[in-house]
There are 2 protein chains.
Amino acid sequence: MIAVDVNGADDPRAAAEGAAASGIDVLVFGPAKDLKGIDAEVVDAPVSIAKAADAARAARSTPDASIVLAARAVAEGRADALVAGGSTGTALAAGLFNIKRGKGIHRPALALPLPVPGAPVTLLDVGANELCRPEHLVQFAYMGAALATTVLGVERPRVGLLSNGTEPEKGREEVVEAHERLRAMDGFVGNVEGFAITEGVADVIVTDGFTGNVTLKVLEATSQTMIAAVRRAAMSSPKAKLGGALLRPALRSLRTEIDPEAQGGAYLLGLRRLAVVPHGSFSAEGWAEAVRRAARGVTEDVVGRTHAALDGAGALRRVPASDAATSL
Amino acid sequence: MIAVDVNGADDPRAAAEGAAASGIDVLVFGPAKDLKGIDAEVVDAPVSIAKAADAARAARSTPDASIVLAARAVAEGRADALVAGGSTGTALAAGLFNIKRGKGIHRPALALPLPVPGAPVTLLDVGANELCRPEHLVQFAYMGAALATTVLGVERPRVGLLSNGTEPEKGREEVVEAHERLRAMDGFVGNVEGFAITEGVADVIVTDGFTGNVTLKVLEATSQTMIAAVRRAAMSSPKAKLGGALLRPALRSLRTEIDPEAQGGAYLLGLRRLAVVPHGSFSAEGWAEAVRRAARGVTEDVVGRTHAALDGAGALRRVPASDAATSL
């Protein structure tokens, strides 16, 4: 069973329809009055905090918010994973307070599979943690690898550490230190540069949330600008217009290849259960894919396998005895 | 007079020809045997350290390297600015040791005008400083603004600070602190996100060298990947091929718009004289443009105007009295 909060969707009804059509059992949280006739169990949850300015405060102070109710359903075992669209910040806050961090996890991270033509790559963290210590980056590496194996269909993920040069000694201090600790990791390919986003040299790229956020937005802005420039070129003369019309079907298949909806959305890793955050603008099909990905994460036990990999690598957070009761 | 080291060029002779054809007086440093008949004063300097693995060490230990000789010509007043292609690391090292940091400058920075279609933007630092304190970022802002005004033809540059959100409190600690200190700056537009690279909301974008380096490479990789994907689409069927052929002239003008050679290369700011670093692959025309830009920097006094702006803003580095003799 997957708990699905549709309140952050641009079109909550379409999101609920997608969830219902996913082929997976879902428990839908959203405004029941807008969700009549949906072929799934609906919990009336009209209060939305998807657009709250201070996500952490909203998640704490709004117990009847749909995302909080959905996260609690997961925390209490009524559902096995969370799908919550629209705001990654709100999903992160509600997830942290209700589903809670996994045992031995320092910080949850947001992972985003990037729809790069020909060479998909998953980037994490894309914004949950502005500043990262080496042990955070190390955990992100294992978390990203486990996601790739279980949910994204990459059998032996190659994991790179984003830096300003490929040499191990290149980069901020925390990157150099994380590199050292990751040497022993299966599939670790060392430092990679910004080029690696499209080069196909890594399936998972690890960085802090500041750099990841900038990277993601530069990538989005650049590809949109290039597409717009090609479109403009194709309007610049009658000859170019004809050329554009003839080229359009071929470009449409490129568009499918770089469609973010095919990837389900962003993945919130490091909680006790998996959470998937489809973009608010996703169509019903994008929401359905997010639900299927979440279900795959449950079946393939992404959380358990992440824990086992971290444990095997000695990369779990050690909890001081005095702290153990409160630090979950 | 501009000192031009052509040893880092893929084709040193073409680089020298470009320099000679720039319409500016140049002093060319390179292998005289390959530069016969060039219409400019040539200093025989066959030793190249453009590909040295450790640029700083090579620049210190190779007094007869062409870049060192060219930088010394600038330091000694035989030339007014430096153009040295190929390696920004080597130019930075040779510049620091010979031309030296400007008075009150914490750290030199590398600024790169990005050839974004329709909305050119200058990014700095793109790799000279992995870790930046707030006062470094503040100086970069004024250095970038002065470059934009004097050399790049932007009358009133808008300066943004790269972060993971537009709110002043967003970002790494040093970014938040730099934002606070930049509030009073003319033209400061606040924090900008990765999207700003193509949005046209700032003429100058300030960041640390780690983030700048990643940003630059993500931008390059993404635009090349998009171009390659469009090209692939245009080969995918006879109809698409015809469309591509008809569209080609219009796309060529886009290509001109995003041609990095038109920007002269990277700019090394914060030394006592301006240095311009064209890419090693630039054609003669790219080298000529680099020389013209360097000359414009001299005429428009980019160094003096940077100093005056920093002084006016109280952003010059204060040198402890005991330190003053050695810290230049």
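## Exercise 1: Helix α5 of chain B and its two neighbours

α5(B) passes α6(B) in a right-handed crossing. The model under study is predicted.

**Task.** Determine at what angle α5(B) and α6(B) pack, and which residues make the contact.

**Solution.** 

Step 1. Locate the helices: α6(B) comprises residues 173-182, and α5(B) comprises residues 134-150.

Step 2. Consider the geometry. The two helices pack at an angle of about 50°, and their axes are 8 Å apart. This angle makes α5(B) oblique to α6(B), since angles of 65 to 115 degrees would count as roughly perpendicular and those under 35 degrees as roughly parallel.

Step 3. List the residues in contact. From α5(B) these are P134(B), L137(B), V138(B) and A141(B), and from α6(B) they are E174(B), E177(B), A178(B), R181(B) and L182(B).

**Task.** State how α5(B) is oriented towards α11(B), and which residues of the two helices meet.

**Solution.** 

Step 1. Helix α11(B) spans residues 302-312, and its axis comes within 9 Å of that of α5(B).

Step 2. The axes cross at roughly 140°. α5(B) and α11(B) are therefore oblique to each other, because an angle must be over 145 degrees to count as roughly antiparallel.

Step 3. The crossing of α5(B) past α11(B) is right-handed.

Step 4. On the α5(B) side, the residues are Q139(B), Y142(B), M143(B), A145(B), A146(B), L147(B) and T150(B); they meet V302(B), R305(B), T306(B), A309(B) and L310(B) in α11(B).

## Exercise 2: A helix pair in chain A

**Task.** Describe how α3(A) and α4(A) pack, and name the residues that make the contact.

**Solution.** 

Step 1. α3(A) covers residues 66-75 and α4(A) covers residues 88-99.

Step 2. Their axes lie 9 Å apart, at an angle of about 40°. That makes α3(A) oblique to α4(A).

Step 3. In handedness, the crossing of α3(A) past α4(A) is right-handed.

Step 4. I67(A), V68(A), A71(A), R72(A), V74(A) and A75(A) form the α3(A) side of the contact, while T90(A), A91(A), A94(A), G95(A), N98(A) and I99(A) form the α4(A) side.

## Exercise 3: Strand β10 of chain B

**Task.** Find which strands are joined to β10(B), and in which direction they run, parallel or antiparallel.

**Solution.** 

Step 1. Begin with the strand itself, residues 266-269. A266(B) and L268(B) point one way and Y267(B) and L269(B) the other way; all are buried.

Step 2. Examine β5(B), residues 109-114: 3 bridges join this strand to β10(B), and the two run antiparallel. Here L110(B) stands opposite L268(B).

Step 3. Examine β11(B), residues 275-277: this strand is also joined to β10(B) by 3 bridges and runs antiparallel to it. The bridge partner of A266(B) in β11(B) is V277(B).

Step 4. Consider the link. β10(B) and β11(B) form a hairpin with 5 residues between them, and G270(B) in the turn has a positive phi of about 100°.

Note on methods:
Residues are numbered from 1 along each chain as its sequence is written. Chains are lettered from A and ligands numbered from 1 in the order in which they are written. This is a predicted model: local features need pLDDT of at least 70, side-chain atom pairs count only at pLDDT 80 or more; totals for chains, interfaces and linings use all residues. Axes are lines fitted to C-alpha atoms, for helices over the stretch in contact, and angles run from 0 to 180 degrees between N-to-C directions. Helices (H or I, at least four residues) and strands (E, at least two) are DSSP runs, numbered from the N terminus. A crossing is left-handed if the near helix is turned anticlockwise from the far one by less than a right angle, and right-handed if clockwise. Two residues are in contact if their C-beta atoms, placed from the backbone, lie within 7 Å. A residue is buried if 20 or more other C-beta atoms lie within 10 Å of its own, exposed if 12 or fewer, and partly exposed in between; C-beta atoms are placed from the backbone. Two strands pair if DSSP finds at least two bridges between them.
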